[in-house]
Amino acid sequence: MEWFREVNAADELRGPGVPLEELPGFIAGRLAVERAWRLLDDPSAPGALTESRTGLRSALALLPQSRPDQLCYEERWRSRRRYGGESLVCSRPTCGRCLPLKAALEHGSPVA
Ligand SMILES: [Zn+2]
């Protein structure tokens, strides 16, 4: 598909955006994992396991994926067809492609 090749080539020229370790979702997700991990020091403490599991689920909702979200291309493709313009980023909350680009755009980097 021509569009697919075009957007991937543009991504290569553009670069990945803000480094993963600087993303707010990465920082907050890592803190949630560390807290969940500490709770497992004493799993028999009241509520420790439950809180740890809850924390891990929260972390998964925050941590960026290592690659584009499963629906990233589809959403950008649909947006292009529906609105006529090119959608640079998707709205998936942990998309490994778009989160770094959004962060770079918010910092005023010349990404687009
Ligand atoms: Zn995306």
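Q: At what angle do helix 1 and helix 4 pack, and how far apart are their axes?
A: In this predicted model, the two helices pack at an angle of about 110°, and their axes lie 12 Å apart.

Q: Why are helix 1 and helix 4 called roughly perpendicular?
A: Angles from 65 to 115 degrees count as roughly perpendicular. The angle here is about 110°, so helix 1 and helix 4 are roughly perpendicular to each other. As for handedness, helix 1 passes helix 4 in a right-handed crossing.

Q: Which residues in helix 1 meet which residues in helix 4?
A: From helix 1 come Trp3, Phe4, Val7 and Asn8; from helix 4 come Tyr73, Arg76, Trp77 and Arg80.

Q: Which residues of helix 1 are buried?
A: They are Trp3, Val7 and Asp11. Buried means under 20% relative accessible area.

Q: How do you know that the buried residues line one face of helix 1?
A: Looking down the helix axis, they fall within an arc of 75°, so they line one face of the helix. These buried residues pack against helix 4, residues 72-83. On the other side of helix 1, Arg5, Glu12 and Leu13 are exposed, a term for residues over 50% relative accessible area.

Q: How do you know that the span of helix 1 agrees with its number of residues?
A: Helix 1 has 13 residues, 2-14, and at 1.5 Å a residue it should span 18 Å. The expected span takes one less than the number of residues. The end C-alpha atoms are 18 Å apart, so the two values agree.

Q: What follows helix 1?
A: Glycine 15 follows, and its phi is positive, near 90°.

How values were computed: Residues numbered from 1 in each chain as written. Predicted model: local features only at pLDDT ≥ 70, side-chain atom pairs only at ≥ 80, totals over all residues. Heavy atoms only, no water. Helix = DSSP H or I, 4+ residues; strand = E, 2+ residues; numbered from the N terminus. Buried < 20%, exposed > 50% of the residue type's maximum accessible area, 1.4 Å probe, protein only. Arc of directions from axis to C-beta. Contact = heavy atoms within 4.5 Å. Axes fitted to C-alpha atoms, helices over the stretch in contact; angles between N-to-C directions. Parallel < 35°, antiparallel > 145°, perpendicular 65-115°, else oblique. Left-handed = near helix turned anticlockwise from the far one by under 90°.
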